Each structure stands twice: as C-alpha cells, then as structure tokens.
Amino acid sequence: MAEHATHLTSATDVGQPSIFEVLAQENLMTTVRPAGKHAIRVLAESRPERFGWLLQWYDEIYTLFDFILQHHYLSHYSASFAENFYDLKRVVSEEKGPSGQLSWGTKWRSLILLVGVPYVKQKLDQTFEDLKYREDTLSRRADAPLKVKTSRAFLALYPYLHAAWEGTALYHMLAYTFQHSRWHSLPLRMSGTELRHNTDDESTGGVQMAWEAAKDSNWWHRATTGVLRGTVAVLSTGLSVGVFFLQFLDWWYNSDANAPLLTALPTPPPPPRDSTETSAPHVCPLCQRLRTNETALSVSGYVFCFPCIHEYLKTHGCCPVTSYPARTQHLIKIYQPTS
C-alpha cells in the first residue's frame, strides 16, 4: 500500500520540497497573527488607557513588522522567514537548478505578495463581516447614496471573489501534491519563483567565503563582524522560539476546554456619579437623546443607539464609557416586544 502513496511525499526532483514541508511553512506565519493578537488583547484589556491603541492598530503594526522581517530574510537568504525556518529558499522559475539568485525586482515582487496580499485579504474579510452585520441598516432605495450602493454591491460580489480565491488555492495545492505543478500557491507563481531545498554546499561555501574575507580584514572589522553575527544569531533563535510560543498560545486560546466562563470576565466599573445623576435610564450615553434601535456592547454591558456606537467603535475601537477595547462584532441588538 505504501508504494502507491510515495508520490505524495516525494517531489518532482530532489531539490523540490514535499507537500508536507510546504504546508508546514505555510501554516507557520498564519498562526502567528491570531496568537499575537490574543497576546495584545490581554495586554490591552489589563491597561486599556495605555495599550488600547495597540489592539486598534494591530493589523497595521503586524504588517509593518512582517514587512521588515520578510525583507530581511528575502535579502539575506532568498526566502521568507517561514521558508528559511524549514531550510527552503526561492529560486527563479526559469532556472534549471537551485543555485539561481533572485534579482532585486523578484525579491520586491515576492515581498509585496508575501505581505501585501494577506493584509488586503484580512481587511476585505473584516469589511465584509462589518457590512454583513449591519446589512439591515443599509438603504435599498434607488436614490441611496453612492457609498451605500457600493457597500451593497460589495456584499453581493465578495462571496464569489472569496470562493474563487479559495478554489484557486485548492487547485494549486492539489496540482502540487500530484506533481502537476511547480507552485503550491498562486502568490508564489505570480512572484516568478519556486521553492527548493537549501543545499549543504551553498551553506558551506558561504561560511568559507565569509571566513576568507574576515582573515584579510583588520582586528576591528573582525570584532565588529563577530558581534553583529552573534546578535543576528541570538535574534534569529529568539524569534524562532517566540514563534513556537505564539503557536502554543494560539492553540491554548482556541481550545474549548480553556474557554473562560462569562461570569469570569471582569465587571466594568460604574460610570462616574455626576454623569448618571442628570441622565435618564433610556438616554444614549453618546448622543444624550432617547435611544433608538437600542444596541448593547457586550464587553461592558452599556446600551447605546446603534448608529452612535457603531460609528464610535469604527473610530476609537473601545467602549466610550469604560474604555474597554471593542469592535463592531461585540454589538448585540436589543429587540423590544411589539405588544
């Protein structure tokens, strides 16, 4: 039986990685983003006035960090961080062997596809979820504003675009598994590169060249080079250990067995006394008028007008009363009985 499945673990040539190596490096960075966000969320909830902005701008901060990280590894190792972690590297697709070096344009094209495409997809998914949540509030009239019409068109079109993207990803993965393609993903194919194993000869040659260059330099250059190499090694090792820690944190956070009870969540403090003495029970804390389309914010329990709290969360990303970090997904509409 085993001989019939050998094509799944072997590759087209000895330098091409197996499907399991490809999947491992693909999943490495995808688990870092949610795990890191959970760590930032815990920090922001403990000190919202100081660290709440980190959660609000997490996607942009993570993308900037990812850009710097991937740029460093593409420039020095011709591979992304995850690919280099599994001892893989990128070569130009037209090259017949694994020794071809990436050009400046190829590296930047790979960098844009590695960092820019996940960021844009993350924002599109988030925009779709936000619009889907408040779809009932979007006007269906023919004279509706252009922004409303665009939002409705996006809601109708995006599911098909998302399905096409996922279908393309599945096609490339299956084609690579059964050795009908040299690329396991569309971004890799668009970058004009392929994945290959790093050979021992190249690593040894690079070390030998660095040693020969160090022998011809003075003692100050050798000392500086040694310190820099040691610093890079420490940072690289620490980053690798940190990735495993974040993967464990992501598993722990998503485990049903460790999900916190609702009663275990912290109770928000009451509003200041002077702010409640002059307000009626059914007044929105934001607009100070009688609430319409009442909506509760689950992270704090306060009730607002839906348009007021929705716009406030999009701008500030926190509860206006308690300053707890919050998003539009935490809104709960309250439906009053008709009788």
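Q: Hi! How much space lies in the second largest pocket?
A: Hello! About 1,000 Å³ of space lies there. Keep in mind that this is a predicted model.

Q: Got it. How many residues line that second largest pocket, and which lie nearest its centre?
A: The lining has 35 residues. Nearest the centre of the pocket are Glu26, Thr30, Leu114, Pro118 and Pro187.

Q: And which elements give two or more residues to the lining?
A: They are helix 2, helix 4 (58–77), helix 5 (81–85), helix 6 (104–133), helix 7 and helix 8 (186–190).

Q: Which of them gives the most?
A: That would be helix 6, with 9 residues in the lining of the second largest pocket.

Q: How many of the lining residues are nonpolar, polar or charged?
A: In the second largest pocket, the lining divides into 15 nonpolar, 12 polar and 8 charged residues.

Q: Let's switch to helix packing. At what angle do helix 4 and helix 6 pack?
A: The angle is about 160 degrees, and their axes are 9 Å apart. Angles over 145 degrees count as roughly antiparallel, so helix 4 and helix 6 are roughly antiparallel to each other.

Q: Is their crossing left-handed or right-handed?
A: Helix 4 and helix 6 cross in a right-handed way.

Q: Which residues meet there?
A: From helix 4 you have Asp59, Glu60, Thr63, Asp66, Phe67, Gln70, His71, Leu74 and Ser75. Their partners in helix 6 include Lys107, Trp108, Leu111, Leu114, Tyr119 and Gln126. By class, this contact of helix 4 with helix 6 has 7 nonpolar, 7 polar and 5 charged residues.

Q: What about helix 2 and helix 4, at what angle do they pack?
A: Those two pack at about 135 degrees, with axes 11 Å apart. Helix 2 and helix 4 are therefore oblique to each other. Helix 2 passes helix 4 in a right-handed crossing.

Q: Which residues make that contact?
A: Helix 2 brings Met29, Val32, Arg33, Gly36, Lys37 and Ile40. On helix 4, the residues are Tyr58, Asp59, Tyr62, Thr63, Asp66, Leu69 and Gln70. Sorted by class, the contact of helix 2 with helix 4 has 6 nonpolar, 3 polar and 4 charged residues.

Q: One more: how far apart are the axes of helix 2 and helix 7?
A: The axes of helix 2 (residues 19–46) and helix 7 (residues 146–177) are 10 Å apart, and the helices pack at an angle of about 145 degrees. Ile19, Val22 and Leu23 of helix 2 make the contact with Met173, Tyr176 and Thr177 of helix 7. The contact of helix 2 with helix 7 has 5 nonpolar residues, 1 polar and no charged ones.

Methods: Residues are numbered from 1 along each chain as its sequence is written. This is a predicted model: local features need pLDDT of at least 70, side-chain atom pairs count only at pLDDT 80 or more; totals for chains, interfaces and linings use all residues. Side-chain values use heavy atoms; hydrogens and water are left out. Axes are lines fitted to C-alpha atoms, for helices over the stretch in contact, and angles run from 0 to 180 degrees between N-to-C directions. Helices (H or I, at least four residues) and strands (E, at least two) are DSSP runs, numbered from the N terminus. Contact means heavy atoms within 4.5 Å. Ala, Val, Leu, Ile, Met, Phe, Trp, Tyr, Cys and Pro count as nonpolar, Asp, Glu, Lys and Arg as charged, and the others, Gly among them, as polar. On a 1 Å grid over the protein atoms alone, a cavity is a set of points where a 1.4 Å probe fits but cannot get out, and a pocket is an open set with protein on both sides within 12 Å along at least five of seven lines; lining residues have an atom within 4 Å of a point. Grid points are joined across faces, edges and corners, and a volume is the space filled by probe spheres set on the points. Angles under 35 degrees count as roughly parallel, over 145 as roughly antiparallel, 65 to 115 as roughly perpendicular and the rest as oblique. A crossing is left-handed if the near helix is turned anticlockwise from the far one by less than a right angle, and right-handed if clockwise.
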